[in-house]
Amino acid sequence: MIEFYSAATPNGQKVAIALEEMGLAYQLHPIDLMANEQKQPDFLAINPNGRIPAIVDKSHGDFPVFESGAILLYLAEKTGQFLPEDTKARSQAIQWLMFQMGGVGPMMGQANVFYRYFPENIPAAIERYQKEGRRLLEVVDHQLQRHSYLAGDSYTIADMATWPWARIHAWSGIDVTGLDALKAWIDKLAERPACQTALVTPASAEASDEERAQQARGMVTR
């Protein structure tokens, strides 16, 4: 059994996709970010960084794992799924996973902050992160013009990591006009039952765009 601590964010959704795709039994523990539950001592004992997602593998001596990329690698190695055994193919999947962890997620996350959440309008910051987000999605699109999935012709944890971020490009204010391979890949993965389930694991509260931005603004400025 996997104890899964998460919230309705792209980073949490990555792990929800993996748990569903791998057929792992898990118990969801929704974390209320607005109530600062991720900073409470019991959660910090699992993730000292105070961020979601995190897991505890009950079948492996209550072993805790934090950081979404590390969790995906742990689950892939635990199950032998969605991470190739061949050395080169495995490396390619990990390279694209790290590309998401070091690029797509942080840059689009900052685009979200300055475009949606920050109390001041700073055009230079908005432009900087939206342009870099667009550039990174162009890299993804170029790869997908030549391959069915990010690491080649097999669906891997790299796709699971990148899809929840790529699909919210509009929320980040990033125009993906002309990135047809990217858009087709987003749509293709959206048809997977695991991806659909992940978007409501946990479900986000019904709210308008402005209400969602206002809630996040409270965390950014806290």
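Which residues in α4 meet Ile-157, Ala-158, Ala-161, Thr-162 and Trp-165 in α6? They are Ala-93, Trp-96, Leu-97, Gln-100, Val-104, Gly-105, Met-108, Gly-109 and Asn-112. Contact here means heavy atoms within 4.5 Å.

This is a predicted model, in which local features need pLDDT of at least 70, side-chain atom pairs count only at pLDDT 80 or more, and totals for chains, interfaces and linings use all residues. Residues are numbered from 1 along each chain as its sequence is written, and side-chain values use heavy atoms, with hydrogens and water left out.

**The helix pair**

Two packed helices are described by the angle between their axes and the distance between the axes. Helix α4 covers residues 87-117 and helix α6 covers residues 157-166. Helices (H or I, at least four residues) and strands (E, at least two) are DSSP runs, numbered from the N terminus. The α4 and α6 axes are 9 Å apart, at an angle of about 10°. Axes are lines fitted to C-alpha atoms, for helices over the stretch in contact, and angles run from 0 to 180 degrees between N-to-C directions. The two helices are therefore roughly parallel to each other (angles under 35 degrees count as such). By class, the contact of α4 with α6 has 9 nonpolar, 5 polar and no charged residues. Ala, Val, Leu, Ile, Met, Phe, Trp, Tyr, Cys and Pro count as nonpolar, Asp, Glu, Lys and Arg as charged, and the others, Gly among them, as polar.

**The sheet**

Four strands make an open sheet with mixed pairing, in the order β2-β1-β3-β4. Strands pair if DSSP finds at least two bridges between them. The edge strands are β2 and β4, and each pairs on one side only. Neighbouring strands are turned by 20° against each other on average, direction ignored.

| Strand pair | Sense | Bridges | A bridge partner pair |
|---|---|---|---|
| β1 and β2 | parallel | 5 bridges | Ile-2 and Tyr-26 |
| β3 and β4 | antiparallel | 4 bridges | Ile-55 and Val-65 |

β3 and β4 form a hairpin with 5 residues between them. In its turn, Gly-61 has a positive phi of about 65°. Helices also lie across the strands. α3 lies across β1, β3 and β4, at about 130° to β4.

**The cores**

A nonpolar core is a set of buried Ala, Val, Leu, Ile, Met, Phe, Trp, Tyr and Cys residues joined through side-chain atoms within 4.5 Å. The largest has 58 residues. Ile-55, Leu-75, Leu-137, Ile-157, Leu-182 and Trp-185 have the most contacts inside it. Helix α4 gives the largest share of this core, 10 residues. A second, separate core of 9 residues includes Ala-7, Ile-31, Ile-52 and Val-56. Leu-182 touches Leu-137, Val-140, Asp-141, Leu-144, Ala-166 and Val-176, not counting residues up to four places away in sequence.

Is Asn-47 buried or exposed? Asn-47 is buried, with a relative accessible area of 1%. Buried means under 20% relative accessible area, exposed over 50%, partly exposed in between (1.4 Å probe, protein chains only). Asn-47 is found in the loop between α2 and β3. Leaving aside neighbours within four places in sequence, Asn-47 is in contact with Pro-53, Ala-54 and Phe-66.

Gly-80 is in the loop between α3 and α4. Gly-80 counts as exposed, at 60% relative accessibility. Gly-80 and Ala-70 are 10 residues apart in sequence and 15 Å apart in space, C-alpha to C-alpha.

Technical notes: Angles under 35 degrees count as roughly parallel, over 145 as roughly antiparallel, 65 to 115 as roughly perpendicular and the rest as oblique.
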